[in-house]
Amino acid sequence: MPHSIKKAVIPVAGWGTRGLPFTKEVPKEMIPILDIPAIHFVVEEAIHSGIEQIIFVTARGKSALEDYFDDSPYLIEILRKKGKHEQADFLQKIGKMCEIISVRQKEPKGLGHAILAAKNVVGNEPFGVCLADEIFPSWDPRNKSLPPLKQLTEISKSTGLSSIGVMEIDPKDSSSYGMIRMETPKFRGIYEKVLGTVEKPTPEKSPSNYAVVGRYVFQPEIMAALSEVKPGFGGEIQLTDAMDSLCSNKGLLAVDLKNERYDVGNLFQFLKAQIDFALKKPELSDKLKSYLSDRK
């Protein structure tokens, strides 16, 4: 029987250059969507996907991430004394969300290198990977829609293969993504076999319209593949090179994710996320609609 997937690696060691100047002193993963940091949504998705242990791959200046998921008994006590029990309950829940383990990526050598840094903690188990600047807020366990990572864990458990999340994009945007090559131009079902990947191709050279997005589930052999990858552009270990190795050996599956997605490192998508989340809050929705209408 395939292993249950209980661990997820979240690389958070990057410098966050897309978020400057805010990210000069504050981790980009703490950028708030209204009053909730982006990393909260990513960890919450992992927990609802069956993950029990979160592995942060960190760097200097990222301690705020661990602190956020730590217990805050003194602050909770103050809130309760002031009668703010709802806020206290929420903070208490954050402190008990999951087990957090941190490992250091001492040099910024790419996403593949960051995942490889978690090798000793992951061990010989399949594991998830979530990129912290991509949030998928539209899943809801109440209506039985699955979080993206859960979709991947289910496929990987049933097939014994690694799987990656992909989404169909406008072809003109292909130069901003890793694009997949597969047997057919369109998905025939929930997933398709990946033949290879092309990193940020021009539209005319893109092998498909399906882009890799920030959710993955890997079988243990990805670590051996990453160990053999030679540094590429900028001296970085590219995850896509290791994924291509999987394609040539046991296989790699692409899962067509239909969820709403925001890349909060992209300024326009970050703005969209703020507006869309505000419109879903009863206490903000009418005020925001009125304000936007008056600004026309």
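Me: What is the mean pLDDT of the chain, and where is confidence lowest and highest?

Reply: Where pLDDT is low, predicted coordinates should not be read in detail. pLDDT is the predictor's confidence in each residue, from 0 to 100. Here the chain's mean is 91, with 97% of residues at 70 or more. Confidence is lowest in helix 2 (residues 63–68), at a mean of 92, and highest in strand 6 (residues 127–130), at 98. Helices (H or I, at least four residues) and strands (E, at least two) are DSSP runs, numbered from the N terminus.

This is a predicted model, in which local features need pLDDT of at least 70 and side-chain atom pairs count only at pLDDT 80 or more, while totals for chains, interfaces and linings use all residues. Residues are numbered from 1 along each chain as its sequence is written, and side-chain values use heavy atoms, leaving out hydrogens and water.

Me: Which residues lie nearest the centre of the largest pocket?

Reply: Rolling a probe the size of a water molecule over the atoms shows where empty space is left. On a 1 Å grid over the protein atoms alone, a pocket is an open set of points where a 1.4 Å probe fits, with protein on both sides within 12 Å along at least five of seven lines; lining residues have an atom within 4 Å of a point. R18, K28, L111, L131 and D133 lie nearest the centre, among 50 lining residues. Strand 11 (210–218) is one of the elements that supply at least two lining residues, and its 4 residues are the largest share.

Me: At what angle do helix 10 and helix 11 pack?

Reply: Their angle is about 120°, on a scale from 0 to 180 degrees between N-to-C directions, with axes fitted to C-alpha atoms over the stretch in contact. I275, A278 and L279 of helix 10 meet L284, S285, L288 and K289 of helix 11 (contact: heavy atoms within 4.5 Å).

Me: Which residues does a cis peptide bond join?

Reply: Most peptide bonds are trans. Here a cis bond joins L20 and P21, with omega about 5°.
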